[in-house]
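Please consider the model shown below. The paragraphs after it lead from the overall form to particular residues.

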Amino acid sequence: MTEAVWQALGLAAESDWNAPLPAAARPGWSARRAADLRFAREHLVPWTVRRLTGRSSGDGRPAKRPELLPYED
């Protein structure tokens, strides 16, 4: 992003910001399964438990603005 702004200002390019990135090596099977398990533990299981128990992710949290106040410009 910075390089694009730099070039838009008419300054000399340090690199071709529009060039595609080189292909990244795909992680191995075990690394992908570990990432899947981490996602399930951190996000999927808590979400599923909340749905099964009828709770919301905001239950028990205080309101950001508990009092209704007039809008001021």
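The account begins with the whole chain and then turns to its helices, a charged residue, a surface patch and a salt bridge.

This is a predicted model, in which local features need pLDDT of at least 70, side-chain atom pairs count only at pLDDT 80 or more, and totals for chains, interfaces and linings use all residues. Residues are numbered from 1 along each chain as its sequence is written, and side-chain values use heavy atoms, with hydrogens and water left out.

The secondary structure of the protein consists of two helices and zero strands; these are DSSP runs, numbered from the N terminus, with at least four residues (H or I) for a helix and at least two (E) for a strand. The radius of gyration is 24 Å, well over the 11 Å that the globule rule gives for 73 residues, so the protein is more spread out than a compact globule. That radius is taken over C-alpha atoms, and the globule rule is 2.2 Å times the number of residues to the power 0.38. Along the principal axes, the C-alpha atoms fill a box of roughly 55 × 55 × 10 Å.

Of the 73 residues, 3% count as buried. Buried means under 20% relative accessible area, exposed over 50%, and partly exposed in between, with a 1.4 Å probe and protein chains only. The accessible surface comes to about 7300 Å², of which 60% belongs to carbon and sulfur atoms; such areas come from the Shrake-Rupley method with a 1.4 Å probe, and for residues only the protein chains shown count as cover.

Helix H1 covers residues 2-8 and contains Glu3. Glu3 is buried yet has no salt bridge, and the nearest side chain of opposite charge, Arg26, is 31 Å away. Lys and Arg count as positive and Asp and Glu as negative, while His and the chain ends are not counted.

Val5 is also placed in helix H1. Because its relative accessibility is 46%, Val5 counts as partly exposed. Together with Met1, Trp6, Leu9 and Leu11, Val5 makes a nonpolar surface patch of about 580 Å².

A search of the whole structure finds one salt bridge, that is, a side-chain nitrogen of Lys or Arg within 4 Å of a carboxyl oxygen of Asp or Glu. The side chains of Arg33 and Asp36 meet in a salt bridge at 3.0 Å, N to O. Arg33 and Asp36 are three residues apart in helix H2 (residues 29-53) and therefore separated by about one helical turn. Arg33 is partly exposed at 29% relative accessibility, and Asp36 is partly exposed at 41%.

Key:
Patch = residues over 30% accessible without salt bridge, like charges linked within 9 Å, V, L, I, M, F, W, Y side chains within 5 Å.
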